[in-house]
Each structure stands twice: as C-alpha cells, then as structure tokens.
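I want to go through the fold and the charged pairs, and jot down what turns up.

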Amino acid sequence: MTIQILRDLRGLRVHVVHPADVERVQLVEHLRRIGCMVESQWPVPAAWPDGTDVVILAIEHDVRAEIHKLLKSDGAGRPTLIAVVSYEDPSTLQLVLEAGAVAVIERPIRPFGLLTNLTIARSLWLERRETTKRIRKLERKLSGIQRIQKAKTILMEGQGLDEAQAYESIRRQAMSKRVSMDDMASAIIHANELLQYRAKDD
C-alpha cells in the first residue's frame, strides 16, 4: 500500500490554503517538483474544494471562525488535511486537533520533510477511510440482523411460529419476491406498524 501511495503522489491534487507570501510560493513550487497538481488560495474557503485529494491549511487564529465554518461544511468527500502552524501553543494545537489534521508542517516551511508528511498523511487518511467503511458495513449488517430478529418476533407472536419457522417464513417470502431477507424483514415490520396504527384508530 505504501509503495502505491508513493506512486500516487505524482498527480495528487493538492489545494494550498495559505496567505499569499514567500512561504506559500516555496511550498507550491516544492509540491509541483514532487509531481503534485497544485492550486492555492486565501482566504479560507467556505467549503472543501471539489476534486481535491489533499488540503494544506494554514492555521491562523485571526481566521479561526472561517476555519470552523470550513470544517462544518458538507461535501462529496473530505480530503486529507495537513495543517501549517507557526507556534505550538495550546490554542493552536487545539485548532489543529479540531480540524482533524493527520499531519503538521511547521513554519518556516522547508522542503525537507514535506514528502514524508505528505506520504504519512495520505496513508493515515486512506486507512481511516477504509476503517470507516468497514464500520459502516458492520453497522448495516448489525441493523439487518436486528430487523430480521424483530420480524421473527412479529411472526412468532402473530402466527404462533417458533423461531426456526419464523426465520424460514421470512426466507421463503424473500426468495419468492426476489428481495433480500433484510428488505423482507423491513416490509414485515412496516406492515405490522400499519396494522397497529389502524387498530389504534379503530
């Protein structure tokens, strides 16, 4: 995976959000030497730039509100975030942590260490994304199991079936309608809720 990340650095879309100064010029130039496609801007945008793999964000206290607005913005997918800091005081570190940065570049910005930071940040971000995907998949699976269990309970109480019979009933209905057992369980739960709602109205 690490070798692939190093290969992917060439062509990586990087957005530098940093005041227009000499350090930004040097940072952009070095990123381009690495092979990244770089755009830069200041002030802090209101939303994450579209089509960006990495955002390198200058942590400036006078734009703290703008940074918080950016962090809260919705988008198709949040990019890898690297923070640029001048000081290691508690308020700066707090803002870095709140931003969810996966790497930090210290001022004055030097070419040495930039490639390492970029590689580590990208690696950590990809691992975090894969972990999030696995967690969501497990959560969906657990929710499905819970729905099937609830549907079984409805059939057991409503039709006098035992657990195995209730499960088999859901499976047969799912097969006959060519849907998943989870979808069938959801339909049974929904139908039961409608019956209960109508019974209350009567």
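**Overall layout**

I started with contacts, meaning heavy atoms within 4.5 Å. Among contacts between residues at least 6 apart in sequence, 60% join residues at least 24 apart.

A note on ground rules: this is a predicted model, where local features need pLDDT of at least 70, side-chain atom pairs count only at pLDDT 80 or more, and totals for chains, interfaces and linings use all residues. Residues are numbered from 1 along each chain as its sequence is written, and side-chain values use heavy atoms, with hydrogens and water left out.

Next I looked up the secondary structure, taken as DSSP runs numbered from the N terminus (helices are H or I with at least four residues, strands are E with at least two). I find 7 helices and 5 strands, in the order α-β-α-β-β-α-β-α-β-α-α-α.

Then I checked the dimensions. The radius of gyration, taken over C-alpha atoms, is compared with a globule rule of 2.2 Å times the number of residues to the power 0.38. The protein has 26 Å, whereas a compact globule of 202 residues would have a value near 17 Å. The C-alpha trace spans about 75 × 40 × 30 Å along its principal axes.

For burial I use relative accessible area: buried is under 20%, exposed is over 50%, and partly exposed is in between (1.4 Å probe, protein chains only). By that count, 37% of the 202 residues are buried.

**Salt bridges**

My cut-off here is a side-chain nitrogen of Lys or Arg within 4 Å of a carboxyl oxygen of Asp or Glu. How many salt bridges does a search of the whole structure find? It finds 8.

One of them pairs arginine 107 with glutamate 23, with the closest N and O atoms 3.5 Å apart. This pair links distant parts of the chain, 84 residues apart: arginine 107 is in the loop between strand E5 (103-106) and helix H5 (114-159), and glutamate 23 is in helix H2 (residues 22-34). Are the two partners buried or exposed? Arginine 107 counts as buried because its relative accessibility is 15%, and glutamate 23 is buried too, at 17%.

I also noted arginine 147 with aspartate 182, at 2.6 Å from N to O. Again distant parts are linked, with arginine 147 in helix H5 and aspartate 182 in helix H7 (residues 181-201), 35 residues apart. Arginine 147 is partly exposed at 28%, and aspartate 182 is partly exposed at 22%.

Which peptide bonds are cis? Tryptophan 42 to proline 43 is cis, with omega near 10°, and proline 43 sits in the loop between strand E2 (37-41) and strand E3 (54-58). Arginine 107 turns up again here, joined to proline 108 by a cis bond with omega about -5°. Proline 108 is in the loop between E5 and H5.

Last entry: arginine 178 has a positive phi of about 60° although it is not a glycine. I place arginine 178 in the loop between helix H6 (163-177) and H7, and it counts as exposed because its relative accessibility is 79%.
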